[in-house]
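Please find below a colleague's note on the structure shown here.

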Amino acid sequence: MSDELKPNPPAPERRSFLKEALIMAIGGVAALVPVCAGLAVLLDPLRRKGGAVNNIRVTSLEALPKDGTPRKFPILAGRTDAWNRYPDAPIGAVYLRRTADGKVQALNVVCPHAGCFVDFRENTKSFFCPCHNSSFSVDGRIEDPKSPSPRAMDELQVEVKGAEVWVRFQNFRTGHAQKIPA
Ligand code: FES
């Protein structure tokens with residue numbers, strides 16, 4: 001090949017410009033990584049705000065009456081606002097009872113009608129909401145068809161781990177026939 005047909009190599013100034021541009025691009029990407037990671041950590045509590053509360057240890061199995069009578073327990077959990085984590089505090093309550101088949105049932109104490117707290121009445125062995133007189137059987141079903149509650153008491157998932165009772169605590173919207181997470 002004659003010298004006239006060979007491509008001209010880039011001028012030295014152009015080569016050094018391209019090299020500098022490449023170094024700057026790599027440097028920019030490298031600098032963005034820690035900035036993005038920092039932002040993710042900073043904003044993480046905001047993303048977690050309002051998430052469902054999962055499996056909480058509520059009590060020991062021994063604390064539940066053997067005859068199946070429900071007992072009320074507070075649900076304690078740490079609270080997290082935008083950038084702080086606070087120690088455990090009550091976020092709700094549940095009734096726990098042993099069932100005839102040896103399992104444990106958990107019912108949210110909040111009435112599905114309008115959100116009052118439901119009481120357990122020893123004399124009738126049933127639940128009663130004092131706000132608008134909804135009544136529920138011991139397993140949470142609507143007892144009196146005239147009850148204004150649109151659904152049964154909200155049952156929650158329970159797990160017995162060894163001698164401990166864990167509940168997947170959750171609140172549901174009131175006033176609906178279906179359980180809609182709040
Ligand atoms: S809030 Fe319970 S019956 Fe209305």
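1. Leaving aside neighbours within four places in sequence, Leu 156 is in contact (heavy atoms within 4.5 Å) with Val 94, Ala 106, Asn 108, Val 167, Arg 168, Phe 169, Gln 170 and Phe 172. The model is predicted: local features need pLDDT of at least 70, side-chain atom pairs count only at pLDDT 80 or more, and totals for chains, interfaces and linings use all residues. Residues are numbered from 1 along each chain as its sequence is written, and side-chain values use heavy atoms, with hydrogens and water left out.

2. A second, separate core of 11 residues includes Tyr 95, Val 109, Phe 120 and Phe 136. A nonpolar core is a set of buried Ala, Val, Leu, Ile, Met, Phe, Trp, Tyr and Cys residues joined through side-chain atoms within 4.5 Å, where buried means under 20% relative accessible area with a 1.4 Å probe, protein chains only.

3. The largest nonpolar core has 15 residues, of which Val 58, Val 94, Leu 96 and Leu 156 touch the most other members. At least two residues of this core come from each of β1 (56-60), β2 (71-80), β3 (85-98), β4 (104-108) and β9 (164-168); strands are DSSP runs (E, at least two residues) numbered from the N terminus. The most is given by β2, with 3 residues.

4. Strand β6 (residues 126-129) is joined to β5 by 3 bridges, the two running antiparallel. Arg 121 stands opposite Ser 126 in β6.

Technical notes. Pairing = 2+ DSSP bridges. Helix = DSSP H or I, 4+ residues; strand = E, 2+ residues; numbered from the N terminus. Buried < 20%, exposed > 50% of the residue type's maximum accessible area, 1.4 Å probe, protein only.
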